[in-house]
Amino acid sequence: MSVRELELDLDAFEGPFDLLLTLVLREELPLAEVDVAGIVLAFVERLAEREELDLDACGEFLVLVAALLELKARGLFAGEAELEDLEPGEAAEELARRLEEYRRIKGAAEWLAERLALDGDRFFRLGPAPLAPRGERRLAQQDPAALVAMLQALAAEPAEVSLAHLELRFPPVSRFLEQFRAVLGRRQRFDFDHEVAGLTRVEQAVAFLALLELRRAGEITLEQAAPFAPIRVSRGVVDEEVAWNVRSA
Amino acid sequence: MERPLRLIQANPLDSLARTIEALLVVASQPLTVDALVEACADEVERVETALGLLGERYREGRSGIVLEQVAGGWAFRASREAAEACGRLFERPVERNLSQAALETLAVVAYMGPCSRPEIARWRGVAVDSVVAGLVERGLIAEAGRGDLGAVRYRVTPLFERVFGLESLAALPRLDDFGGDAEQLRGRLESLAERRPA
């Protein structure tokens with residue numbers, strides 16, 4: 001008779017004993033969930049079926065079950081390190097106390113079961129409590145003037161929201177026309193980037209429009225060596241085909 | 001000419017008794033004397049006397065409905081005589097198939113509660129998570145705050161008292177009355193400990 005092949009049918013596990021041991025040792029099955037008494041019962045039933053006492057099997061079973069019980073006890077009282085320091089007599093006392101407690105609880109459970117069996121013919125209505133909510137909630141003492149002040153504060157016209165930060169200010173193109181004409185009056189040519197350095201993006205855009213306006217009127221010539229290179233502005237029109245490459249900018 | 005049904009002939013509490021009767025019929029859980037006093041807008045003594053009259057009228061063997069004092073209040077139930085017929089028509093999911101593990105867990109919570117799952121596990125010697133969840137689902141135990149270490153604690157519900165026909169938890173037998181041969185067990189363990197090699 002092989003103990004390890006003992007078939008078990010427990011709440012927490014169903015299968016051969018050796019698989020149970022493997023799962024427990026791998027910590028894939030919490031031992032606290034395993035009913036060791038159920039294992040013993042299954043073994044005793046198997047023994048009874050065979051009608052002969054297999055001492056080897058009994059010995060092996062006792063060793064395995066003892067180990068399981070020790071593991072289970074350690075698992076259940078993991079946080080109770082002080083128990084490990086007890087003398088044998090004290091440990092027996094502690095164990096006896098706990099067994100007594102459990103015996104009482106078991107007795108109480110039996111009493112409840114008997115009570116249930118005796119009162120098995122009690123039928124009564126079950127359902128959610130349909131009690132009306134109690135309307136006893138009262139407000140604290142209130143000051144009407146404070147309520148009026150609160151309502152007035154709520155009814156006041158809200159301050160107008162300012163959109164000033166969203167407004168774009170465009171300087172007139174003429175300002176840059178005059179500026180560029182003045183520069184070209186003094187010099188033959190100038191760099192556009194240098195002239196508009198320090199201006200806002202909007203001002204730079206308007207200045208560029210002014211530049212295009214001057215080019216359209218034939219007052220200036222524009223040169224740019226490469227895309228994104230500085231734009232060179234010269235007085236007068238030279239050759240239309242060669243000078244007009246500002247599109248690449 | 002129709003006359004109202006008189007529970008007790010010429011009793012000055014007739015009207016109050018009828019009102020209480022109506023309240024108990026509508027209620028789906030036991031009503032305390034305080035709740036009845038409030039609903040009837042009457043005095044405690046008069047309500048208690050009226051309940052006594054109703055108890056006499058609705059007692060086992062006299063009526064199909066029985067008035068009982070249970071779970072801290074008063075409630076109607078079916079008479080035992082009608083139990084068989086009731087059983088053919090109605091389920092009792094709360095108490096059906098309560099396992100030994102569930103009964104032991106209930107006993108721990110009833111006597112020791114409020115207590116947490118680790119505490120129940122310590123008493124029973126096995127993990128109780130699934131059993132506790134099942135009892136909560138049945139409505140026999142309920143959460144009752146948290147312990148010092150943050151674990152949820154449980155107590156039995158009024159439904160527990162009603163299912164087991166208890167007036168209150170005080171009606172449970174003393175825990176010390178269970179487990180008779182404790183001294184014998186203690187003696188056996190002590191002798192085993194003495195025999196164990198050091």
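**View 1. B:Ala142 and its bridge partner.** In this predicted model, B:Ala142 has B:Arg155, a residue of strand 5 of chain B, as its bridge partner. Strand 5 (residues 152–156) runs antiparallel to strand 4 of chain B, and 4 bridges join the two. Strands are DSSP runs of E with at least two residues, helices are runs of H or I with at least four, and both are numbered from the N terminus.

**View 2. The open sheet of chain B.** Here 3 strands line up in the order 3-5-4, with antiparallel pairing. Two strands count as paired if DSSP finds at least two bridges between them. Strand 3 (115–116) and strand 4 (141–146) each have a single partner strand, so one side of each has no neighbour in the sheet.

**View 3. Where chain A meets chain B.** Look for 37 residues of chain A in contact with 39 residues of chain B; contact means that C-beta atoms, placed from the backbone, lie within 7 Å. Helix 4 (residues 88–118) of chain A gives the largest share of chain A's side, 22 residues. The predictor assigns the complex an ipTM of 0.77 and a pTM of 0.53.

**A note on reading these views.** Residues are numbered from 1 along each chain as its sequence is written, while chains are lettered from A and ligands numbered from 1 in the order in which they are written. As the model is predicted, local features need pLDDT of at least 70 and side-chain atom pairs count only at pLDDT 80 or more, whereas totals for chains, interfaces and linings use all residues; pLDDT is the predictor's confidence in each residue, from 0 to 100.

Terms used:
Contact = placed C-beta atoms within 7 Å.
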